[in-house]
Amino acid sequence: MRKGFGMAALAAAAMLAGGASAGTVAVTADRLLDPASGRYVERPMIVIVDGKVAQVGKAGDAVPAGAERVDLPGVTLLPGLIDMHVHLTSVASIGGYNYLQYSDAFWPVVATKHARDTLEAGFTTVRNVGSEFYSDVGLREAIDEGYVPGPRIVSAAYAISATGGHCDSTFFPPSMDEKSPYLADSVEQGREAVRRLKKYGAQVIKVCATGGVFSRGASVGAQQLAVEELKAIADEAHMAGMKVAAHAHGADGIKAAIRAGIDTIEHVSLVDDEGIRLAKERGTWFGMDIYNTDYTQAEGKKNGVLEANLAKDREVAEIQRENFRKSLKAGVRHVYATDAGIYPHGQNARQFAVMVRYGATPLQAIQAATVNAAEALGRNDVGLVAPGRFGDLVGVKGDPLADVRVLEAPVFVMKGGEVVKRQ
C-alpha cells in the first residue's frame, strides 16, 4: 500500500485519474463521431476491457457477462480530445513579475488542479511543451500512478533556448545571473541538451527557434537559433525516438525549423508563402494558438502582463489568424494547439470555434484534436475510438459538426474506461 493512502482513497484516486479499468465496460449513446471518416455511427455500443477499446458495435448487441453498463441517451460521443500545446504549471492570472511572489514549489502543486480541469474539459491527452524543475514529468508520473486526476501527458520538461532567447530567463539584470539550465549556443550544446532532457524524463523535445510574445529583449519574430543548431537538436531527438516541437513566430525561424526536420511548428504567426509551401511539401505540422489572444487582451493587464508584451500580442494576433486560414487552405496539416496556461486551463475547447471562424470546417477542427494530433505524436493508442486504442471518450449534447461550440460543455468524459465526469 502506498504510504499515507488507505485502499478506499487509492481506489477513488485511480477512478478520478482515469487509469486503466480493471474490468469491462459497455458504453451506449445516441451516436459516435468517427473523425477519420467524418461519419456518425448511430446507436453505438463501445466495449472497453482493461482500459482499452475491445469492440465497437451497436446498441442491442450482446453485452459481455459482468460488464458495467454506461448508457448515455441523447449524447453524441467523440474520441477523447488532444491538446498539443499546454503549460500545466502556468497560471493565466499571474503575469509579468507577479510570479516572484510564489515559491518554486507552488507551481507543480497548482498544476494538479490544472490537470484535473483539463481532463474534465474532455482533453484526455496533452503535450506539455515546457516547464521548470521537471514538474511536468513528476505530474505525469503522479497521474499515471493514480495519485491525482489528469490527462495523459507527453512531457517536454525544459525548453531548449539560445542564450537570451525566448525560453531563457530574460526578465532580470546581470547582477542576478538568472538563466535557463538548457541553453544551446552550438551544435554540440544542442545535442547534449537533448540527451540530458531524455535522461531525466522528457518524452518530446521543445526548442525555441525565434523570439516570442511573453519574453523580453527581442522582437517576436527574430530568429534565435541557426538551422545547423536546430538540425542537430532534431537529429539527436529523432535518433532517440523522440519528436520535436519548435516555438517559432517569425518567417525565417519557421523555415529554418522546417528545413531542420522538426516535426511540429508552434504558433507560426508570421509564416510567409515559402514557409507554407515548405510545410506542405515536407508534411510538417502547424500548431497555431489562435484563441488565446481573446483572453490576453481582455485580462492581461489586470493579471500583471507588461504592456510591451501585450503590444507584441496585438501586433501578431490577426496576422497569425489570417495565416492559419491561408495555410489551411493551402493544405498544410494542422494539430490542435492552444497554449493553455496563457488562458485558464479547462477552457481548451474555446479554440474550436475560432478555428471555424477562420476557415476550418467543424470536422477539420475536430480532426486537429483527434486523428491529426495522434499521428503527430506518433501514437496509435489515442485519437480514435477503435479496437486497441484507449477507452477515452467525450460526450456532448447536440451535433458538433453543426455547432462545434458544444465541445465547450461536455456532459461526459471517460479516460481509460473510467468515468471522469458525468452530468
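Buried area is the accessible area that two parts lose on being put together, summed over both. With that in hand, let's explore this predicted model.

**Exercise 1.** Find out which stretches make up domain 1 and domain 2, and how far apart their C-alpha centres lie.

*Solution.* Start with the division of the chain: domain 1 takes residues 22-78 + 383-420, and domain 2 takes 83-375. Then turn to the C-alpha centres of domain 1 and domain 2, which lie 30 Å apart.

**Exercise 2.** Describe how much area is buried between domain 1 and domain 2, and which residues of domain 1 lose the most.

*Solution.* Next comes the area buried between the two domains, about 1,700 Å², with carbon and sulfur atoms giving 72% of it. Finally, look at the side of domain 1: Pro 35, Val 404 and Lys 415 lose the most area to domain 2, together 31% of what that side buries.

**Exercise 3.** Work out which side chains form the salt bridge, and what else is found across the interface.

*Solution.* First, the side chains of Asp 392 and Arg 152 meet at 2.5 Å, N to O. The cut-off for a salt bridge is 4 Å, so this pair qualifies. Across the interface of domain 1 and domain 2, the count is 1 salt bridge.

How values were computed:
Residues numbered from 1 in each chain as written. Predicted model: local features only at pLDDT ≥ 70, side-chain atom pairs only at ≥ 80, totals over all residues. Heavy atoms only, no water. Domains from an automatic or database assignment. Buried area = accessible area lost by both parts, 1.4 Å probe. Polar contact = N/O pair within 3.5 Å; in protein donor to acceptor, adjacent residues only side chain to side chain.
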